[in-house]
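Hi everyone, thanks for coming. I'd like to walk you through a structure today, so please have a look at it with me.

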Amino acid sequence: MRVVRLMRILHIAMKELKEFRDPAMLVFMLATPLAIMLILGSALSRGFDREAEIGEIRVLFRLEQADGTLGQAWADFVREADASGVRFEAAGGRETGMEMEMVRRAEFTGMAEISESGIVYTGNDRAAVENAIVQGLLQTFADRYRVSSVLASAGVSAPEDEEREYVRTAIADGSRRPGSMDYYAVAMTTMIILYGALTAAQLMERERKRKTDLRLLAAPVSKAEIFIGKIVGSFLLHAAFTVLLVLLSRYALGADWGSRPLIVFPVLFSQILFVLGLGVAAGYLFRSGAAGVVIMAIVQIEALFGGAYFPVDEMTGWFGAIAAWSPLGLTNRALLEVIYADGWPTAPRAMAFNIGAAALCLASAAAFMRKREGL
Amino acid sequence: MHVLEIRHLTKTFGDVRAVDGLSLSVREGEIFGLLGPNGAGKSTTIMMIASLLPMTDGEIRLFGRNIADHPKFARRQIGLVPQDLAIYEEMTAYENVAFFAGLYGLRGRELRSRAEEALAFVGLEDKRNRYVKTFSGGMKRRLNIACAIAHRPKLIILDEPTVGIDPHSRRSILSAVRRLNEAGSTVLYTSHYMEEAESLCTRIAVMDHGKVIAEGTLPQLTSIVTDRREIAISIRGADRLNESGLLAIPGVRSVKCDDDRLLIESDAEVNNLDAVIRTLVACGAEITDVETRGPSLETVFLALTGRSLRDD
């Protein structure tokens, strides 16, 4: 009996696949996200650049005490900085107003005043990146000098070799980060899946409009079998489409989908399930036209806060708070983590959310369907 | 043996009694006509027979079994041709028939041969691989029937299958219904076209306001009205027709003109045929054919309800 039921469900699922095979429609549905990936990936590539070319940085400085411990430490620091392309030049006999004028005219990136009580740095407003570099260097110098002073006052001698410095600067390895094309390949794929809610909302409505619901219900098939069959068919269709889109973006656009397809695809498939549940539930909850309007509004809001148009990970304030709760954002974060990070702690959470929400939505839709006389 | 027995069937929608205590029975091997105007309750009755609508009260038995207790059994015995087209435009003719037949458990070679058989039955075998969206209205109607017969149902229910189609497709569908019946299926046929019911059905139930107001064979029904006859006259020059002149002739009850066909309802005992012909000749109409006959179902319905079958 179970096998017979399963056969009927698969029979209905296969019909869903047969209904959708218009080559022109398939090309359109694949070409649209690929074109958006290409356009956004190319147009916004600078926003994702990990390297910026910066020329020589020149900084004026005035040192309160050229001799003594501070003077010695500063001289060592200036030599090190010079080797890395940041040239500190002593202000010498120039007047203070003159020094600032030179900074304003961008002859120098900034002006640093160094004393035992601290460092005051004034930078040119239009050289944000250069200022950040100089500030970072000065912060490193200040930290190192402070530690050395404390150690000296405690009677601990300074290390003899350079390998045994007490203060070391470490930077995170930023080599595995998505480029613009990589980012938009993920973002557009999940957004297109989200748009699937629109067709899911019409899943039962289409049968009603074509009057085929009467034929389905007049056959010896239960409502549950029709419901499951249609969901399974729709899921298979969306899954096949998603796999095709991922492969095309990978091989046609060179997008990086990482080396863990067995985690990437389950995350994407769980999102398909969620989207189907959302669409079908909306289809039952709202009358035909209204469901489409509601879904469209949800998709637009989700696309914005979920990071479909631009990365939202570093957003703060109310936008960041909403973005943190976005289901689309959760899936996007999970996918980027699977592709670019060593671990993937968000993926199980995203899948659990998607499957849980799908179960809730589908259960609600099934309850609505049972109450109706038709589908 | 009775294929279908309906007793005191009632369906209410709020305060409206769409079907009101309807009782009838359909015997094996007959083409049973359910005739009535729009809104008479024909489609609601059919929806309840096909288990698509729960009944408010009453009982429906199919092959002796109560369909409320055996809905799946009932569904297997019935082939439903809905009033509206119920087919997938994006699929081919064959795929449509095979899909619906598959819902009845047919698989593999059997499914393929039954689907081919059904398509051949309605004359669409050479269009099997064409997408339905390219079909004419008449072809879609025929496919609508094919989708309901591939699983070889014992009772075929056709709900107004000829609405809105051309005469050629109508003839083709009526011929298919006769052949289905000859092949052993019992047919329940609803229509508001009296000519179809007259030419096709072995027994007819006339419905109005959710009730059966008359039931029997065509001669039994027409014998209800003994005081009427019809004069059907084919004419040329119908635009010069003097309708009020015809209505003034003693015994003439009504005059209907449909293109070149004039239908006059008259009292049976009044001999007024010569007066009718004289009036037509006087107004310049050329008479090509005259036929007098007993009352039609239309007349029967008019006599029973005071309304025409096609009144809305």
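This is a predicted model: local features need pLDDT of at least 70, side-chain atom pairs count only at pLDDT 80 or more; totals for chains, interfaces and linings use all residues.

Most residues other than glycine have a negative phi. B:His209 is not a glycine, yet its phi is positive, about 50°. B:Glu160 does something of the kind too, with a positive phi of about 45° although it is not a glycine. You'll find B:Glu160 in the loop between strand E7 (155–159) and helix H6 (167–182) of chain B.

Is B:Glu160 buried or exposed? B:Glu160 counts as buried because it has 21 C-beta neighbours inside 10 Å, where 20 or more are needed. B:His209 has 15 such neighbours, so it counts as partly exposed.

Now to the nonpolar cores. The largest has 147 residues, and among those touching the most other members are A:Val280, B:Val97 and B:Tyr189. Helix H6 (residues 180–201) of chain A gives the most to this core, with 14 residues. A second, separate core has 17 residues, including A:Phe108 and A:Leu137.

Chain A itself is divided into domain 1 (2–48 + 181–371) and domain 2 (57–164). Their C-alpha centres lie 55 Å apart.

Finally, where the chains touch, 16 residues come from chain A and 23 from chain B. On the chain A side, helix H1 (2–19) and helix H8 (212–218) each supply at least two residues. By class, that side has six nonpolar, two polar and eight charged residues.

Notes: Residues are numbered from 1 along each chain as its sequence is written. Chains are lettered from A and ligands numbered from 1 in the order in which they are written. A nonpolar core is a set of buried Ala, Val, Leu, Ile, Met, Phe, Trp, Tyr and Cys residues joined through C-beta atoms within 7 Å. A residue is buried if 20 or more other C-beta atoms lie within 10 Å of its own, exposed if 12 or fewer, and partly exposed in between; C-beta atoms are placed from the backbone. Helices (H or I, at least four residues) and strands (E, at least two) are DSSP runs, numbered from the N terminus. Domain bounds come from an automatic or database domain assignment. Two residues are in contact if their C-beta atoms, placed from the backbone, lie within 7 Å. Ala, Val, Leu, Ile, Met, Phe, Trp, Tyr, Cys and Pro count as nonpolar, Asp, Glu, Lys and Arg as charged, and the others, Gly among them, as polar.
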